[in-house]
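Here are my notes on the model you sent over. Have the structure open while you read, and go through the points in order.

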Amino acid sequence: MNLKIQRRGIAAVIAATLVLSATGSLAQASDKPLRVVLPVGAGSGVDTIMRAATPSFTKALGGQAVVIENLPGAGGITGTSVVVRATPDGQTLGVVSNNHVVNPSVFKKMPFDAINDITPISVVGETPFVLVVNPKVPAKNAKELQALLKAKPDGYNYASSGNGTIIHLAGAMFMDAAGVDVRHIPYKGVGPMVADIIGGQVEMGVVALPAVQGQLKSGQLRAIGVMGKSRVPSLPDLPTIAEQGFPTVDVGGWFAVVGPAKMPPAEVKRLHAAIVAAFNTPETKEAMAKQENIIKPMTPEASAQYFKSEQERYAKLVKKANIVAD
């Protein structure tokens, strides 16, 4: 169904009568594919999440085709620029993460306003972050690591997936809480970063749990703690960093669906309902659980407030740590 301006009346009727059917599908499908732009590369965490949810999303949209398009670059700015310039008719969406609200603080110039040039549809969920070290590092918990870094601050480095990324900020958050000043080594992506922690070229770093589950099981890496407020089901004996005496440490890799600014409220409601339905199917729940993703969709209104509060929170950390993107 074409939901352009001349058919807003139809869209309003659809929104007013929108309900889930017994099969979990929503209103009549559009004859145009829904374009979902991912500002990350294929195979990344967000890419894996959305591709796993796509069949359920298509079903929830009444059979409307969903086309995933990867447009990585510039910390997510390249892909999101395409979304903010798209016609706000509900046919082009984007999936963004923490970096979307971090970028305004680390880049001197932005081609769009991270808050005002988008329409939040839903903050969908979060992927846990863990602080990991090379097994040769003689520390098994956060307090031991803090003592080690205070005793020999020049003897250790922490890695990130790039200057100004949420992985960088997460590492800086722990160093700030621990009161230590450790050299930061930026990499071009999570893969090279993890490889060098395993190889011992750098000693530690924060990373999304799904990216290192295998290495933790094999003993190639040691987990020091979960960076969020809650433990994760697959590692029930691994305490959070906050539990270990650093209550200000709270960060995870959240992801959200957004559209261009000024989308019609009826379209926002329709798409939000489809996202909630898609991520509540048994198939998607199982796929998300395997990746340790915590799915808790927010309303569009709550998502908008979350974007603002997260941008303010990270801006303070960026300023304090003097973080500047490449």
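1. A cut-off to begin with: buried means under 20% relative accessible area, exposed means over 50%, and partly exposed is what falls in between. Arg 35, with a relative accessible area of 29%, is therefore partly exposed. Glu 69 goes into the partly exposed class too, at 28% relative accessibility.

2. The stretch to watch is residues 1-28, where pLDDT stays under 50. The model does have 45 contacts beyond four places in sequence for that stretch. Where pLDDT is low, the predicted coordinates should not be read in detail.

3. On to the sheets. Six strands make up an open sheet with mixed pairing, in the order E2-E1-E3-E10-E4-E11. Strand E2 (66-70) and strand E11 (294-295) are its edge strands, each pairing on one side only. Inside the sheet, strand E3 (residues 92-97) is joined to strand E10 (residues 253-260) by four bridges in the antiparallel sense.

4. Strands E5 (residues 129-133) and E8 (residues 204-208) run antiparallel and are joined by five bridges.

5. Which helices lie across the strands of the six-stranded sheet? Helix H2 (residues 45-60) lies across strand E1 (34-38), E2, E3, strand E4 (118-127) and E10, and runs at about 170° to E2. Helix H11 (residues 300-321) lies across E3, E4 and E10, at about 75° to E4.

6. How covered is helix H4 (residues 99-106)? Mostly: six of its eight residues are buried. The buried ones are Asn 99, His 100, Val 101, Val 102, Asn 103 and Val 106. Their cover includes helix H3 (77-85), helix H6 (166-178) and H11, along with E3, E4 and E10.

7. Electrostatics next. Side chains of opposite charge can pair when their charged atoms come close. The count of salt bridges comes to seven. One of them joins Arg 35 to Glu 69, with the closest N and O atoms 2.6 Å apart. Arg 35 sits in strand E1 and Glu 69 in strand E2, so this pair ties together parts that are 34 residues apart in sequence.

8. Two other salt bridges sit within helices. Lys 290 pairs with Glu 286, the closest N and O atoms being 3.7 Å apart. These two are four residues apart in helix H10, which separates them by about one helical turn. Lys 290 is exposed at 59% relative accessibility, while Glu 286 is partly exposed at 47%. In helix H11, Glu 310 and Arg 313 are three residues apart, about one turn of the helix, and their side chains meet at 3.0 Å, N to O. Glu 310 is buried, with a relative accessible area of 5%, whereas Arg 313 is partly exposed at 31%. An α-helix has 3.6 residues a turn, so residues three or four places apart point the same way.

9. Last, a loop residue. Is Phe 279 buried or exposed? At 3% relative accessibility, Phe 279 counts as buried, and this residue lies in the loop between helix H9 (265-278) and helix H10 (282-290). Leaving aside residues up to four places away in sequence, Phe 279 touches Ile 49, Met 50, Ala 53, Val 124, Thr 284, Lys 285, Met 288 and Ile 295. Lys 262 is 17 residues away from Phe 279 along the chain, and their C-alpha atoms are separated by 25 Å.

Conventions
Residues numbered from 1 in each chain as written. Predicted model: local features only at pLDDT ≥ 70, side-chain atom pairs only at ≥ 80, totals over all residues. Heavy atoms only, no water. pLDDT = per-residue confidence, 0-100. Contact = heavy atoms within 4.5 Å. Pairing = 2+ DSSP bridges. Buried < 20%, exposed > 50% of the residue type's maximum accessible area, 1.4 Å probe, protein only. Axes fitted to C-alpha atoms, helices over the stretch in contact; angles between N-to-C directions. Salt bridge = Lys/Arg side-chain N within 4 Å of Asp/Glu carboxyl O.
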